[in-house]
Amino acid sequence: MGCVFSLPEDRRDAAERTPTTRETSFVEKMKKTGKNIIVFYGSQTGTAEEFANRLAKDAQRYGMKGMAADPEEYSMGELARLAEIENSLAIFCMATYGEGDPTDNAQDFYDWLQENDDENLSGLNYTVFALGNKTYEHYNAMGKYVDKRLEELGAKRIFDLGLGDDDGNLEEDFISWREQFWPAVCEHFGVEASGDESSIRQYELKVHTDVNMNKVYTGEIGRLKSFEVQKPPFDSKNPFLAPVTVNRKLNKAGDRHLMHLELDITGSKIRYESGDHVAVFPTNDSELVNKLGEILGVDLDVVISLNNLDEESNKKHPFPCPTTYRTALTHYLDITNPPRTNVLYELAQYASDPKEQENMRKMASSSPEGKALYQNWVLDSCRNILAVLEDMPSLKPPIDHLCELLPRLQARYYSIASSSKVHPNSIHICAVVVEYKTKTGRVNKGVATNWLKNKLVNGHKSTVPMYIRKSQFRLPFKASNPVIMIGPGTGIAPFMGFVQERGWLKQQGKEVGETVMYFGCRHKNEDYIYQEELEEAEKNSVLTQLNVAFSRDQDHKVYVQHHLKKNKEHIWKLIHTDNAHIYVCGDARNMAKDVQTAFYEIAEEYGSMTRTQATDYVKKLMTKGRYSQDVWS
């Protein structure tokens with residue numbers, strides 16, 4: 001198994017922003033602080049925000065001044081005014097989320113771009129770096145749209161759109177783009193690089209010796225003490241602590257651990273619909289945290305604050321402060337993903353062995369040799385920051401600089417496996433525990449799934465900080481429309497909710513259309529999860545057809561798409577004549593593509609179409625909302 005290096009794409013915290021009357025004019029702010037470069041980010045899992053911060057920091061090396069900005073916090077209608085600032089430039093780091101959608105924090109900006117046809121941006125210099133993943137249908141749709149739309153409105157593109165692919169090596173794509181981007185900027189503005197390659201600190205350390213412990217953050221995401229005194233509404237900045245009422249292993253055998261959890265949301269006023277996602281805020285493994293403390297030789301329980309050296313910045317701290325190093329490494333910082341090259345570059349100065357220092361700088365360079373070393377030594381070997389420190393014995397960074405550089409630990413999203421019509425006070429999660437051996441012989445464990453696995457019912461602290469993220473993955477408005485659900489493995493999650501809901505509608509006396517399920521797993525007697533529930537639904541005619549592919553129970557592999565092809569004629573009738581809605585959930589890399597191809601083949605054969613026509617036919621179903629995907633890679 002390869003590295004699990006998924007940063008599912010951002011959650012900003014109230015604690016890191018000053019809630020005072022905020023300047024919504026980025027132009028005024030830039031004038032006031034003498035900045036000429038602004039880097040906007042559309043980020044869902046923090047990566048685009050990280051890249052934006054790196055570019056803003058870069059500006060200093062080129063004798064310019066930059067700031068990173070969340071478009072949600074500023075009035076984007078001011079872009080035309082950027083021309084008032086000499087040598088000004090707007091950089092957009094835009095991630096695409098879901099099915100080609102903008103990230104939550106860039107939704108308003110996206111709407112503004114779409115609605116304002118008469119906007120004149122002729123004085124705006126811009127460039128875009130897009131973050132996406134090639135396994136998805138709408139690869140980098142948001143970045144491409146922003147790049148094209150700004151040009152349509154008269155803005156001047158001063159460097160080509162950069163396309164980052166998280167299915168390949170997003171970090172390398174970014175470095176390669178950035179390496180060509182800055183010389184182009186210098187040339188455009190006629191400035192020279194100052195050649196200052198030294199490390200620039202963004203925050204300064206303050207150690208608190210006599211602090212009131214009631215003023216110290218202990219893992220809260222937003223408001224201090226928000227986990228002790230909970231107040232609705234609950235959202236990404238104010239999660240609800242939901243007690244775990246059920247945690248059971250789903251598979252009967254095999255070496256994996258598939259689990260079903262139930263979170264109690266009684267009294268929270270939280271509402272959800274089948275198809276929504278539940279976001280949970282996990283914590284890192286204490287063993288990993290302790291080892292980091294040991295290898296760095298520090299007392300993790302010191303109370304500290306990291307304060308932004310730029311007094312004008314909206315972001316006063318990299319994570320909620322004051323807090324302890326232990327809390328920061330447990331709740332706020334990502335210590336399990338392979339570190340990005342900027343972290344290696346900035347930490348290199350703390351390696352006393354010249355060879356180790358050279359290798360760290362080389363890995364952060366854009367030379368083919370350096371890129372290969374980073375790919376092999378960090379990514380392919382799945383080395384997290386602890387492994388890097390263990391395997392570079394001379395590297396002894398100050399813990400405060402390390403904490404400044406590490407990215408934020410992100411919320412994890414799971415498709416909800418229940419219906420609120422049947423379970424109004426409970427949210428079900430279905431997940432597989434991630435654990436694998438790396439090339440270096442270490443065992444890497446998925447942060448969230450291992451943390452969830454250890455949430456014992458009625459145990460100490462068996463609560464999960466969570467909130468709901470709405471999705472477009474919805475049952476048809478008319479219950480009489482047939483539905484075709486395709487979800488192998490844990491991809492079955494949202495369909496458990498759908499099946500519960502269709503059963504409930506039937507009980508209400510509604511006319512419910514055909515409900516067809518395609519599920520797949522490895523072995524019937526090992527990981528056929530929810531077997532009892534599915535067979536019961538079939539017996540009660542809630543599921544009109546249940547097709548299960550057991551991929552490894554015979555000498556040749558059988559997958560969901562093979563079962564689809566067996567029922568071509570029936571499927572074509574459901575889609576073409578009966579207005580069926582199709583839903584696909586699970587692996588984006590292979591399964592979703594293979595399933596889509598199976599639908600092309602069905603349309604070719606039974607709709608007498610060419611491949612091009614069949615492709616258009618399926619794409620039309622997508623735009624009409626009759627072919628929905630909830631996929632991940």
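**Exercise 1. Strand partners**

Which residue in β10 stands opposite Lys249? Then find the strands that pair with β9.

*Solution.* Two conventions come before the steps. This is a predicted model, in which local features need pLDDT of at least 70 and side-chain atom pairs count only at pLDDT 80 or more, while totals for chains, interfaces and linings use all residues. Residues are numbered from 1 along each chain as its sequence is written, and side-chain values use heavy atoms, with hydrogens and water left out.

Step 1. Lys249 stands opposite Met259 in β10.

Step 2. Strands (E, at least two residues) and helices (H or I, at least four) are DSSP runs, numbered from the N terminus. Two strands pair if DSSP finds at least two bridges between them.

Step 3. Look at β10 (residues 258-264). Its pairing with β9 is antiparallel, over 5 bridges.

Step 4. Look at β18 (residues 463-469). This strand runs antiparallel to β9 (residues 240-249), and 4 bridges join the two. Here Ala242 has Val464 as its bridge partner.

**Exercise 2. The domains**

Into which domains is the protein chain divided? State how far apart the centres of domain 1 and domain 2 are.

*Solution.* Step 1. The bounds come from an automatic or database domain assignment.

Step 1. List them. Domain 1 spans 26-189, domain 2 is 231-280 + 411-471, domain 3 is 283-409 and domain 4 is 483-631.

Step 2. Between the C-alpha centres of domain 1 and domain 2 there are 34 Å.

**Exercise 3. Salt bridges**

How many salt bridges does the count give? Describe three of them.

*Solution.* Step 1. Recall the idea. Side chains of opposite charge can pair when their charged atoms come close.

Step 1. Apply the rule: a side-chain nitrogen of Lys or Arg within 4 Å of a carboxyl oxygen of Asp or Glu. The count comes to 43 salt bridges.

Step 2. Take Glu171 and Arg340. Their closest N and O atoms are 3.4 Å apart. Glu171 lies in helix α5 (residues 170-189) and Arg340 in the loop between α7 (325-332) and α8 (341-347), so this pair ties together parts that are 169 residues apart in sequence. Both Glu171 and Arg340 are buried. Buried means under 20% relative accessible area, exposed over 50%, and partly exposed in between (1.4 Å probe, protein chains only).

Step 3. Take Lys355 and Glu358. The closest N and O atoms of this salt bridge are 3.6 Å apart. Both residues lie in helix α9 (residues 354-363), 3 residues apart, about one turn of the helix. Lys355 is partly exposed at 47%. Glu358 is partly exposed at 41%.

Step 4. Now find a network. Salt bridges that share partners join Glu28, Lys31, Glu78, Arg81 and Glu84 into one network. Within it, Arg81 and Glu84 meet at 2.9 Å, N to O. Arg81 is partly exposed at 25%, and Glu84 is partly exposed at 44%.

**Exercise 4. Cysteines**

How many disulfides does a search of the whole structure find? Check Cys93 and Cys585.

*Solution.* Step 1. The test is a pair of cysteine sulfur atoms within 2.5 Å. The search finds 0 disulfides.

Step 1. For Cys93, the nearest cysteine sulfur belongs to Cys186, 17 Å away. Cys93 is buried, at 0% relative accessible area.

Step 2. For Cys585, the nearest cysteine sulfur is that of Cys430, 9.3 Å away. Cys585 is buried too, at 0%.

**Exercise 5. An open sheet and a helix**

What is the strand order of the open sheet of 5 strands?

*Solution.* Step 1. The order is β21-β20-β19-β22-β23, with parallel pairing.

Step 1. Find the edges. They are β21 (545-550) and β23 (627-632), and each pairs on one side only.

Step 2. Neighbouring strands are turned by 10° against each other on average, direction ignored. Axes are lines fitted to C-alpha atoms, for helices over the stretch in contact, and angles run from 0 to 180 degrees between N-to-C directions.

Step 3. Zoom in on one pair. Strand β22 (residues 581-587) and β23 are parallel over 6 bridges. Asp587 stands opposite Trp632 in β23.
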